[in-house]
Every structure is written in C-alpha cells, then in structure tokens.
Amino acid sequence: MAMQAKPLAGGIYPPVPTFFGRDEQLDLQTFERHLRRLATSGIAGYVLMGSNGEAVHLEDRERSQLLAVCHEVESAMGVHLPVVAGCGAQSTRQTIAYCRQAAQYGADFTLILPPSYYPRRMNDAALSNHYRAVADASPVPVLIYNMPASAAGINLSVELICELAEHPNIVGVKDSSGDVSKLMQLVARATPGFRIFAGSADMLLPALVAGAIGAVAALANVFPRTVCRVQTLFEQEKIEEARILQALLIPANSAVTSKYGVAGLKAALEHVVGYGGLPRLPLQPLTPQEQSALLTSLPLLIAQEEDKA
C-alpha cells in the first residue's frame with residue numbers, strides 16, 4: 001500500500017479569480033495584487049483555476065503563468081499557503097497532464113471536477129476509474145470537486161466519494177452540492193482523515209457543525225476576514241456570534257455566487273477593493289440594474305470587514 005498523502009489544512013480557501021484586461025489578456029499585476037491582499041487576511045490557502053477562476057477559459061500557457069506568479073508572490077512575501085490547482089478536464093489524459101503541470105509550478109494539491117461532456121456515460125464505474133487513474137499519476141494529492149452545477153448535473157454519490165477516499169492520494173472533497181445531509185454522511189462514513197470542505201460561504205456554519213473542516217468560498221475573495229471569522233467563532237464555541245455573522249453572509253453570497261456568478265464576484269471586488277475587471281467572453285459583465293441589485297447586499301459586510309482589518 002502506498003504511503004498516505006499529506007492532508008490539506010482546514011480553514012477558508014478563496015477560489016481566486018483570474019483577472020483580464022479589456023483586451024482579454026491576463027492581468028497578472030492585478031492577480032498578484034489580489035494574492036498579496038489575501039495572504040495576510042487569515043485564509044488557509046489559495047484555490048487557483050477553479051470555477052471562479054474561469055479555468056475553462058484558460059490556455060495551457062496561461063495556467064502556467066498563474067501558477068508561476070503565485071509561487072513568486074509567496075516566495076517574495078516569505079510565506080507559504082497551500083496552493084490548490086483546479087486540474088479537471090474532459091479526458092483522463094488531459095487531467096493528468098494538468099496535474100503534472102500544476103506540480104511542476106509548485107502547486108500542493110489538485111482539485112478535480114468530474115468530466116461531464118458525456119454525462120450519460122459518466123456512471124460510478126467510469127468516474128471511479130477516472131479519479132483512480134488521475135490519483136495514481138498525479139505528483140501531488142488530489143481533492144475531489146463535486147459541483148453538479150458545473151458538471152452537467154453530475155452529483156457524485158456518497159458511496160463513490162467514500163470509495164475514492166480510500167485511495168492514498170485522494171485526500172479530500174470540496175462539495176458544492178449544497179446538501180448538508182451529504183456532508184454529514186461523508187463525515188460519518190469516509191476514511192478517517194479524509195478532508196471535507198463546503199463549497200460556499202452560505203453554508204459554512206452548517207457545514208462546520210456537520211463536520212466539515214472549512215470551505216472553498218468565493219465570497220472570501222471579497223470579505224476574507226469576515227468569512228474566516230465565522231470559522232474562528234465556531235472553533236471558539238461562540239455559536240450564537242457565529243450564527244449572527246453567518247446570517248449576514250447569505251444575501252451577499254447569493255448575489256456574488258449563485259445569482260451572478262463570476263461577473264458578480266468581479267463586480268463586488270471592483271466595488272469593495274477597487275479592482276475586479278471583466279470576465280472573459282462569452283461571459284458578460286453585469287448590467288447596471290444587476291450591479292445596483294448586487295451593491296445593496298454589500299454594505300453590512302463592508303462594515304464587518306473594515307472592523308476586522
């Protein structure tokens with residue numbers, strides 16, 4: 001039996017956006033600025049090239065550039081936060097290639113969304129074979145990424161995830177199904193030490209109560225200290241304070257993630273910290289009406305974040 005891979009620390013991991021100029025070229029200066037801002041906010045690590053990082057819009061060369069800049073920022077700041085690289089692709093072969101590329105540029109973990117272009121053929125046997133082949137070949141540990149909304153409705157079963165959790169190089173799951181009962185079943189049934197993360201800030205506290213050890217939360221790009229504070233309060237057993245703060249997160253999280261997606265996240269960043277920019281086509285920026293609706297959900301959290309700074 002191969003040695004068990006290193007675990008991923010608990011806490012809050014922002015899925016970092018990929019920033020673009022108006023010519024749709026990578027804006028690496030803003031990317032670096034954002035990484036530096038997050039580094040001192042209390043986060044546990046970075047997730048690069050996930051759904052909010054517009055991974056499906058990136059060329060291979062651009063993926064390398066983002067990973068290299070992240071490594072350079074950490075070296076320059078003298079800190080190391082775990083870097084989780086989104087490496088899901090539609091073929092097992094390409095997924096493995098992305099894992100090797102990520103490891104070459106210093107990523108510590110990979111996050112693997114299931115292939116979904118042929119969803120009717122992606123039964124448990126096909127998905128198990130895929131994840132096992134990727135984990136066998138990946139130079140760094142693998143996290144499963146269960147997000148039906150970005151995978152043609154494929155919702156990995158508790159049975160499949162628990163089976164895959166026995167692989168020595170599969171160390172955790174980011175579950176974005178929004179199903180707290182699934183999280184509870186995973187905690188109860190998965191191999192001890194398997195790391196379970198919520199996929200959104202709107203269910204952070206319920207997920208922690210269920211046994212998750214953190215979250216990959218888009219809202220933490222905008223309000224990292226506030227999102228981290230919910231977990232800190234939970235760990236300090238200040239449940240009522242955590243509950244009140246969790247309730248404040250929900251309207252903004254709904255706008256930034258489920259309602260407006262990447263464009264909403266970038267618009268919120270633009271409003272709160274002065275940078276964000278545009279998504280890459282075919283994604284469209286928010287309309288003025290959408291921007292106005294988004295901004296009504298932010299003031300209370302802006303005040304919270306400033307209070308924690």
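Me: How much space lies in the largest pocket?

Reply: You're looking at a predicted model, where local features need pLDDT of at least 70, side-chain atom pairs count only at pLDDT 80 or more, and totals for chains, interfaces and linings use all residues. Residues are numbered from 1 along each chain as its sequence is written, and side-chain values use heavy atoms, with hydrogens and water left out. A pocket is an open set of points on a 1 Å grid over the protein atoms alone, with protein on both sides within 12 Å along at least five of seven lines, and its volume is the space filled by probe spheres set on the points, which are joined across faces, edges and corners. For the largest pocket, that space comes to about 940 Å³.

Me: Which residues lining the largest pocket are the closest to its centre?

Reply: There are 43 lining residues (an atom within 4 Å of a point). By class, 21 are nonpolar (Ala, Val, Leu, Ile, Met, Phe, Trp, Tyr, Cys, Pro), four are charged (Asp, Glu, Lys, Arg) and 18 are polar (the others, Gly among them). Closest to the centre of the largest pocket are Ser51, Asn52, Tyr145, Met147 and Ser150.

Me: Which helix gives the largest share of the lining of the second largest pocket?

Reply: Here a helix is a DSSP run of H or I, at least four residues, numbered from the N terminus. The second largest pocket has a volume of about 220 Å³ and 14 lining residues, with Ala267, Glu270, Gly277, Leu278 and Gln291 nearest its centre. Two elements give two or more residues each, helix 10 and helix 11 (288-295). The largest share, five residues, comes from helix 10.

Me: Is helix 9 roughly parallel or oblique to helix 10?

Reply: The axes, lines fitted to C-alpha atoms over the stretch in contact, come within 6 Å and cross at roughly 135°, on a scale from 0 to 180 degrees between N-to-C directions. Under 35 degrees is roughly parallel, over 145 roughly antiparallel, 65 to 115 roughly perpendicular, and the rest oblique. So helix 9 and helix 10 are oblique.

Me: Which residues of helix 10 make the contact with helix 9?

Reply: Contact means heavy atoms within 4.5 Å. Helix 9 brings Ala255, Val256, Thr257 and Lys259. Its partners in helix 10 are Gly261, Gly264, Leu265 and Ala268.

Me: Is Arg93 buried or exposed?

Reply: Arg93 is found in helix 3. Buried is under 20% relative accessible area, exposed over 50%, and partly exposed in between (1.4 Å probe, protein chains only). Since Arg93 has 75%, it's exposed.

Methods: On a 1 Å grid over the protein atoms alone, a cavity is a set of points where a 1.4 Å probe fits but cannot get out, and a pocket is an open set with protein on both sides within 12 Å along at least five of seven lines; lining residues have an atom within 4 Å of a point.
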